[in-house]
Amino acid sequence: MKTFKAALFDLDGVVFDTEPQYTVFWGSQCRLYHPEHPGLEHEIKGQTLTQIYDQWFSGPLLSEQAVITERLNEYESQMHYDYIEGFEQMIADLRSHGVKTAVVTSSNLPKMQAVYRYQPEFKNLFDAILTSEDFERSKPDPDCYLKAAARLGAHIDECIVFEDSFNGLRSGRAAQMKVVGLTTTNPAEAIRELSDIQIADYRAIDFKALSSLL
């Protein structure tokens, strides 16, 4: 059995239960700019801001990107960042067993400042926090998770990735790491092929159970 050395967490829908709030924001923007495409806010879940802009807000809407970004930054500054149930207890268990922890998110530094204000102890839960500014290529490219493993001094077969979105799950798979899929954004059957196990929250998972995945 390999040693479980590093736990690598996406942020939204994995550490924090924020996906419903983002659905509200993007629902308002999609109805404003794409009324012809109802439900678009659900289709773009898990995509980076760049990916959303490139696909849905380019061409004639290019000039609106700055406006939407300003609205998003303001919205994120007022959001609630509440932990997924059981997360704090689970990460304390991992750290007590010597597992290093990192956040690997496409969120930017201004968003993270809002997180730190809402959860002042957040930084103390992790050995590293990697944001969009740290990566050359976005998920589903494995670049972000490979960089996180290197930052923590862990080999790919000593890491477990925690993800909820299709792009994030594919990123963990592409990094050749074990992947835990959170069903906070997509149902278990939809993410089963992209993850080793699927969980709704962290109440029934601990160091021993995760170690058995390696």
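Which backbone oxygen does the side chain of T184 reach at 2.5 Å? The side chain of T184 reaches the backbone oxygen of G13.

This is a predicted model, in which local features need pLDDT of at least 70, side-chain atom pairs count only at pLDDT 80 or more, and totals for chains, interfaces and linings use all residues. Residues are numbered from 1 along each chain as its sequence is written, and side-chain values use heavy atoms, with hydrogens and water left out.

## Around T184

T184 sits in the loop between β5 (178-182) and α9 (188-191). Helices (H or I, at least four residues) and strands (E, at least two) are DSSP runs, numbered from the N terminus. At 26% relative accessibility, T184 is partly exposed. Buried means under 20% relative accessible area, exposed means over 50%, and partly exposed lies in between (1.4 Å probe, protein chains only). Leaving aside residues up to four places away in sequence, T184 touches G13, I84, D164 and A200. Contact here means heavy atoms within 4.5 Å. D201 is 17 residues from T184 in sequence, and their C-alpha atoms are 8.1 Å apart.

## Salt bridges

The whole structure holds 14 salt bridges. Each is a side-chain nitrogen of Lys or Arg within 4 Å of a carboxyl oxygen of Asp or Glu.

K111 lies in helix α6 (residues 109-118) and D12 in the loop between β1 (6-9) and α1, so the pair ties together parts that are 99 residues apart in sequence.

D127 lies in the loop between α6 and β3 (128-130), and R95 in helix α5 (residues 87-96); the pair links distant parts of the chain, 32 residues apart.

## T105 and its loop

T105 is found in the loop between β2 (100-104) and α6. T105 is buried, with a relative accessible area of 2%. A polar atom of its side chain lies 2.9 Å from the backbone nitrogen of S107. Beyond residues up to four places away in sequence, T105 touches D10, L11, M112, L130, T131, S132, F135 and K139.

## The largest pocket

How much space lies in the largest pocket? About 720 Å³. Of the 34 residues that line this pocket, Q47, T48, L49, S106 and S107 are the closest to its centre. The lining divides into eight nonpolar, 15 polar and 11 charged residues. Asp, Glu, Lys and Arg count as charged; Ala, Val, Leu, Ile, Met, Phe, Trp, Tyr, Cys and Pro as nonpolar; the others, Gly among them, as polar. α1 (19-33), α3 (49-56) and α4 (65-77) each supply at least two lining residues.

A pocket is an open set of points on a 1 Å grid over the protein atoms alone, where a 1.4 Å probe fits, with protein on both sides within 12 Å along at least five of seven lines; lining residues have an atom within 4 Å of a point.

A149 is in helix α7. At 3% relative accessibility, A149 is buried. Its contacts, not counting residues up to four places away in sequence, are L8, A154, C159 and M177. I68 lies 81 residues from A149 along the chain, and 33 Å separates their C-alpha atoms.

In helix α8 (residues 166-174), the buried residues are N167, G168, L169, S171 and G172. Their cover includes α3, α7, β4, β5 and α9. Q176 follows α8 and has a positive phi, near 65 degrees.

How values were computed. Grid points are joined across faces, edges and corners, and a volume is the space filled by probe spheres set on the points. A polar contact is a pair of N or O atoms within 3.5 Å; within protein, one must be able to donate a hydrogen and the other to accept it, and residues adjacent in sequence count only if both atoms are side-chain atoms.
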